[in-house]
Amino acid sequence: MPVDHYENFPVASILLPGRLRPAVEAIYAFARSADDLADEGDATPEQRLAALSAYEAELARIDAGADSTDAMFARLAEVMRRHELPIKPFYELLSAFKQDVLVSRYQTYDGLLDYCSRSANPVGYLMLHLYGAADEENVRDSDAICTALQLINFLQDVAIDLQKERIYIPLEDLSRYAISPAALDHPSARPRWRSMMKFEVERARALMLSGAPLALRLKGRIGFELRMVVQGGLHILDAIEAAEYDVFLHRPKLGKRDWLRIFWAAARMKKQMRLIYGLA
């Protein structure tokens, strides 16, 4: 599908079965446009919150079985009816986007995980529903993968977020490594920054690997798509390490050669996870 924003991970890729492509595109359109309401343009916080509340009102109309005059929500309503998708994940996404308007710092890792549980995990949950695979074990692993992807995105985008006066590194971690939030990119902080980022990268990698068995359990296209996603996230972490954690000067970005390596890693993932990480 056409994507206006740079994406490191597949969106409605050719690996998706044709019958699910319209559903994934409808979910993506909702999430991407709502995220833009929270982040893009010159709107005031009040205007952003009002726009997101209007999205909530449209969801309420869908939940009540009422028709929408908005083409995007009409399409979303049809997808939700056809695939019997739960509405709660859409509300959770909006709550996270509203939080983006109001919160620019996270004191603790647990607080950041709570945000990720609403900003990232609902998408994986919806995908599992589309494939009829939303059992407890799969949802648990999907949550781990989605949260890890969100954390990896934060790590690669530190410089971009800082320009927006946002910091997604937990303040408790900055404090532990004696790094001032006001001087993240100051040369004097680089040795401590590298030590802290090494910790952040290892934690994100461990979380990703904890959910990786899902990509091996799911069969067919969705399984290979998910293996690509997992390997893409791990590849970004490797790139951050290769840049000696200097994401201010070297923001990792996946190119054609990277995707070839990711494809090969995904094809070999079952053997790799069994031999290296001890996963089934």
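A salt bridge is a side-chain nitrogen of Lys or Arg within 4 Å of a carboxyl oxygen of Asp or Glu. In this predicted model, E56 and K98 meet that description, since their closest N and O atoms are 2.9 Å apart. The pair links distant parts of the chain, with E56 in helix α2 (residues 45-63) and K98 in helix α4 (residues 88-102), 42 residues apart. The points below begin with the protein as a whole and then return to its charged side chains.

**Overall fold**

- The protein is built with 14 helices and 0 strands, so that, read along the sequence, its pattern is α-α-α-α-α-α-α-α-α-α-α-α-α-α.
- Its radius of gyration is 19 Å, which is close to the 19 Å that the globule rule gives for 280 residues, and the protein is therefore as compact as a globular protein of that length.
- Taken along the principal axes, the box filled by the C-alpha atoms is roughly 60 × 50 × 35 Å.

**Burial, contacts and surface**

- Of the 280 residues in the protein, 50% are buried.
- When contacts between residues at least 6 apart in sequence are considered, 72% of them join residues at least 24 apart.
- The accessible surface of the protein comes to about 13,700 Å², and carbon and sulfur atoms account for 54% of this area.

**Charges and salt bridges**

- The protein carries 35 positive and 39 negative side chains, and the centres of these two sets lie 8 Å apart.
- The count of salt bridges in the protein comes to 21.
- One of them joins R32 to D35, with the closest N and O atoms 2.9 Å apart; these residues are 3 residues apart in helix α1 (residues 21-39), which means that about one helical turn separates them.
- D35 has a relative accessibility of 16%, and because buried means under 20%, D35 counts as buried.
- E56, the partner of K98, has a relative accessibility of 23% and therefore counts as partly exposed.
- R118 forms a salt bridge with D114, where the closest N and O atoms are 2.8 Å apart; the two are 4 residues apart in helix α5 (residues 109-119), so they too are separated by about one helical turn.
- Within this pair, R118 counts as buried at 14% relative accessibility, whereas D114 counts as partly exposed at 41%.
- Salt bridges can also share partners, and in this way E137, R140, D141 and R217 are joined into one network.

How values were computed
Residues are numbered from 1 along each chain as its sequence is written. This is a predicted model: local features need pLDDT of at least 70, side-chain atom pairs count only at pLDDT 80 or more; totals for chains, interfaces and linings use all residues. Side-chain values use heavy atoms; hydrogens and water are left out. The radius of gyration is taken over C-alpha atoms; the globule rule is 2.2 Å times the number of residues to the power 0.38. Buried means under 20% relative accessible area, exposed over 50%, partly exposed in between (1.4 Å probe, protein chains only). Contact means heavy atoms within 4.5 Å. Accessible areas come from the Shrake-Rupley method with a 1.4 Å probe; for residues, only the protein chains shown count as cover. Lys and Arg count as positive and Asp and Glu as negative; His and the chain ends are not counted. The place of a charge is taken as NZ of Lys, CZ of Arg, CG of Asp or CD of Glu.
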